[in-house]
Amino acid sequence: MGDNTVRFGLLGCIRFASKFVRTVTQSSNAVIIAISDPSIETANTFAAANNLSPETVSVYGSYEELLDDPRVDAVYLTMPVTQRAKWAVTAAGKKKHLLVEKPPAQNAAEIDTIVEACESNGVQFMDGTIWLHHKRTVKIRETMFDSGLLGDVRHMYSTMTTLVPEQVLERLTKEAMGLAGAIGELGWYPIGAALWAMSYQMPVSVKALPSSVATNSVGTILSCSASLQFGSTATATAIVHCSFLSQLSTDLAISGSKGSTHMNDYVIPYKEDTAWFEYTSGAKFVDMHIGWNVMPEKVTVDCSGTEESQEATMLREFVRLVQGIKRGDSEADPKWPEISRKTQLVVDAVKKSVDIGCEVVYL
């Protein structure tokens, strides 16, 4: 391994982390050299399942041991959200760069603590919202926003739902999922999508929709919709929805003053090697309202290379930033922690609206 290689350690050996192992294995400038879990048995089982050889990958039975390994440049955090802030701050104090699963914290105050620790120690922070790094996301920005085809954003509709078996729902506790429940775990995506479409302009107010809020017997939020208002005169609005009670959906529709665009798979594309979106511009009904004057245009993005998936492009960006810091060429990019913080602020506001009887919360 050359000095340019970024050496990763895993804090948490959940099954989902296998996807990250796969991505790093396909990378030319990153490698996993250590994994850890509070259960050494879990860590060993994970190592065996992911073909991580004990000759090249150290297996630790505690997070502390991994963070004390001087060879580790960066860590990927996957433990429950209720523990992420503690270990993110600890890792930053050990000069480890942070790639943290979303949501990275339980509230904005925790994110501020994490970011402060990263800034104090000169390390990069990024959360694991992979769709922001997809080539399609970049293409939509170029095609619709930068070109002016969309015009000014007027309305957005976005969802993230996934059906959880009924017998599991009662086991979704606040201790495991965090205080925001589905709003943090799933709502992070549609809220983040609305902010992305607004170039991270913050909404002036949010309001949870009363009929949409569902909880289990221990009070964990399982489903919620909310409206977001941007601009004092409702310049743009968004409806976001998240739920553990509905079949999988990841819809994103954006309507502008000149055009519109939509996807049904913005979080994770239907296929890894290709993705697409549709748009219209200048659409209107023809005479007698018997049809439209234009058909939707379909734009397809090729992601067939081994390093072209959204996970790979996220890793490449993170590694690039870490390499620059290691060489002394650059400092940590504040863009990514700022995106995380703004998303969390809106998550917090939706949760607060639920708590006060679905009243309006002003930001």
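How many bridges join strand 7 to strand 12, and in which sense do the two strands run? Strand 7 (residues 153-161) and strand 12 (residues 252-256) are joined by 5 bridges and run antiparallel. The model is predicted, and the points below are grouped by topic.

- Ile-254 is placed opposite Thr-261 of strand 13.

- In strand 2 (residues 30-36), 6 of the 7 residues are buried, so that the strand is mostly covered.
- Strand 2 pairs with strand 1 (residues 6-11) in the parallel sense over 6 bridges, and Leu-10 has Ile-35 in strand 2 as its bridge partner.
- From strand 1 the chain passes through helix 1 (residues 17-25) to strand 2 in a right-handed β-α-β crossover.
- Strand 2 is joined to strand 3 (residues 58-60) by 3 bridges, and the two run parallel; here Ala-34 has Ser-58 in strand 3 as its bridge partner.
- A right-handed β-α-β crossover likewise takes the chain from strand 2 through helix 2 (residues 40-49) to strand 3.

**Helix 5**

- Helix 5 (residues 108-121) comprises 14 residues, and its span of 20 Å from first to last C-alpha is close to the 20 Å expected at 1.5 Å a residue.
- At the N-terminal end, Asn-107 caps the helix, with a side-chain oxygen 3.2 Å from the backbone nitrogen of Ala-109.
- Just after the helix, Gly-122 adopts a positive phi of about 65°.
- The buried residues of helix 5 are Ala-108, Glu-110, Ile-111, Ile-114, Val-115, Ala-117 and Cys-118.
- Among the elements that cover these buried residues are helix 4 (81-93), strand 5 (97-100), strand 6 (125-127), helix 10 (188-197) and helix 12 (335-355).

**His-241**

- His-241 belongs to strand 11 (residues 236-243).
- Because its relative accessible area is 18%, and buried means under 20%, His-241 counts as buried.
- The side chain of His-241 makes a polar contact of 2.6 Å with the side chain of Ser-225.
- Beyond four places away in sequence, the residues that His-241 touches include Ser-158, Thr-159, Met-160, Thr-161, Pro-190, Ser-223 and Cys-224, as well as Ser-225.

Note on methods. Residues numbered from 1 in each chain as written. Predicted model: local features only at pLDDT ≥ 70, side-chain atom pairs only at ≥ 80, totals over all residues. Heavy atoms only, no water. Helix = DSSP H or I, 4+ residues; strand = E, 2+ residues; numbered from the N terminus. Expected span 1.5 Å × (residues − 1). Buried < 20%, exposed > 50% of the residue type's maximum accessible area, 1.4 Å probe, protein only. Contact = heavy atoms within 4.5 Å. Polar contact = N/O pair within 3.5 Å; in protein donor to acceptor, adjacent residues only side chain to side chain. Pairing = 2+ DSSP bridges. Right-handed = clockwise from strand over helix to strand, strands pointing away.
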